[in-house]
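I opened the model to look up a few things. My notes follow.

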Amino acid sequence: MAAQRAARTKDEADHPSSPVLQFGPDKPLKLDAGTLLSPFQIAYQTYGTLNDARSNAILVCHALTGDQHVANTNPVTGKPGWWEVLIGPGKIIDTSRFFVICSNVVGGCLGSTGPASTNPATGKPYGLDLPIITIRDMVRAQAMLVDHFGIEKLFCVLGGSMGGMQVLEWAASHSERVFCALPIATGARHSSQNIAFHEVGRQAVMADPDWHGGKYLDFGKRPEKGLAVARMAAHITYLSEAALHRKFGRNLQDREALTFGFDADFQIESYLRHQGMTFVDRFDANSYLYLTRAMDYFDLAADHGGRLADAFAGTRTRFCLVSFTSDWLFPTEESRSIVHALNAAGASVSFVEIETDRGHDAFLLDEPELFAAINGFIASAARARGLGA
């Protein structure tokens with residue numbers, strides 16, 4: 001079974017179930033690590049139609065464990081797209097009106113070049129031979145994809161969590177190409193606590209005997225137990241104590257009394273184990289290492305002389321930031337610091353803090369206040385962009 005899963009992961013990494021844009025040696029990706037990635041490819045999905053003026057394009061940036069299948073059935077899991085509640089015909093991000101692009105980030109595992117991709121120099125998966133990828137590298141690759149469509153200026157870039165980091169990087173590095181930006185549940189840098197949680201997850205993966213120093217695909221194996229533990233630990237940070245208590249409390253799992261053993265006595269234990277095991281069926285362990293590292297390295301102020309406002313100096317991009325009261329992974333203070341920096345840079349910015357007990361993952365859920373905020377911002381920006389009603 002592990003060998004079959006490893007093969008499926010490898011197939012999707014090299015030959016994804018989505019369009020692919022390939023860049024040869026003449027168009028390398030310059031990485032922050034100081035090297036060039038070449039050749040490389042980007043897997044992506046599009047929805048809707050690009051208008052004649054190429055002015056209605058929206059780029060959606062996915063979070064750590066997301067992918068390009070934002071509004072279509074995921075070919076690996078068979079589940080609906082991760083933001084279908086928001087994106088589609090007649091929805092808030094209306095694909096009968098906007099041209100929506102979502103790509104798998106470089107370093108990912110669903111078709112963009114990542115550690116599970118074949119290294120052309122060896123004919124084997126990159127594993128840890130892939131250079132470290134940063135958020136800025138992901139955005140550079142996305143910019144090359146946007147260029148492919150002949151789009152000079154994106155109407156909007158939006159995303160949550162790691163996707164929000166990409167939005168901020170777009171606004172900082174390519175402000176002239178972004179009309180409006182929607183960073184949700186994110187921060188301009190990773191806190192030491194967030195880095196600590198990621199390190200626990202990485203150590204769990206690397207401690208799995210099936211990790212083989214990152215070369216597990218060469219052996220037809222995957223570090224499933226380690227990755228499952230990493231996912232369990234991370235998933236706790238995506239929720240809130242109130243949400244966990246409301247949903248699970250101390251309820252027992254399919255039993256009337258404690259077993260006085262180490263089986264999953266409590267519903268929350270069973271839930272986390274399920275989350276861990278389903279995750280390993282769709283995600284590559286080395287990609288988890290690379291993408292968590294990319295988030296850890298992200299520090300927008302440090303990239304601009306230590307002053308966050310300087311990252312947005314002279315920007316004409318319109319911003320709307322959204323945070324959630326129960327998000328302890330990226331608390332509201334993180335968004336407020338970005339708002340203050342944008343104000344200092346003279347940017348056009350609005351900010352919404354949404355009252356909810358659903359934690360960090362609220363941006364992926366059916367949150368009416370979130371949808372109202374996005375709808376209002378997009379509608380206002382579309383009028384200013386001349387896109388009509």
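I checked Val100 and found it buried, with a relative accessible area of 0%. Buried means under 20% relative accessible area, with a 1.4 Å probe and protein chains only. This is a predicted model, where local features need pLDDT of at least 70, side-chain atom pairs count only at pLDDT 80 or more, and totals for chains, interfaces and linings use all residues. Residues are numbered from 1 along each chain as its sequence is written, and side-chain values use heavy atoms, with hydrogens and water left out.

I placed Val100 in strand E8, residues 99-103. Strands (E, at least two residues) and helices (H or I, at least four) are DSSP runs, numbered from the N terminus.

Which residues touch Val100, leaving aside its neighbours within four places in sequence? I listed Gln45, Thr46, Tyr47, Ile58, Val60, Ile87, Ile93 and Thr95. Contact means heavy atoms within 4.5 Å. Thr46 lies 54 residues from Val100 along the chain, yet their C-alpha atoms are separated by 5.5 Å.

Next, I turned to two helices. H2 (residues 135-148) packs with H3 (residues 162-173) at an angle of about 70°, their axes 9 Å apart. The axes are lines fitted to C-alpha atoms over the stretch in contact, and angles run from 0 to 180 degrees between N-to-C directions. H2 and H3 are therefore roughly perpendicular, a term for 65 to 115 degrees.

Last, I looked up the record. UniProt lists residues 56-365 as "domain: AB hydrolase-1", in an unreviewed entry. Over residues 56-365 I noted 34% helix and 15% strand.

Definitions and conventions:
Angles under 35 degrees count as roughly parallel, over 145 as roughly antiparallel, 65 to 115 as roughly perpendicular and the rest as oblique. Buried means under 20% relative accessible area, exposed over 50%, partly exposed in between (1.4 Å probe, protein chains only). UniProt positions are given in the numbering used here, feature names are shortened, and annotations may be inferred rather than shown by experiment.
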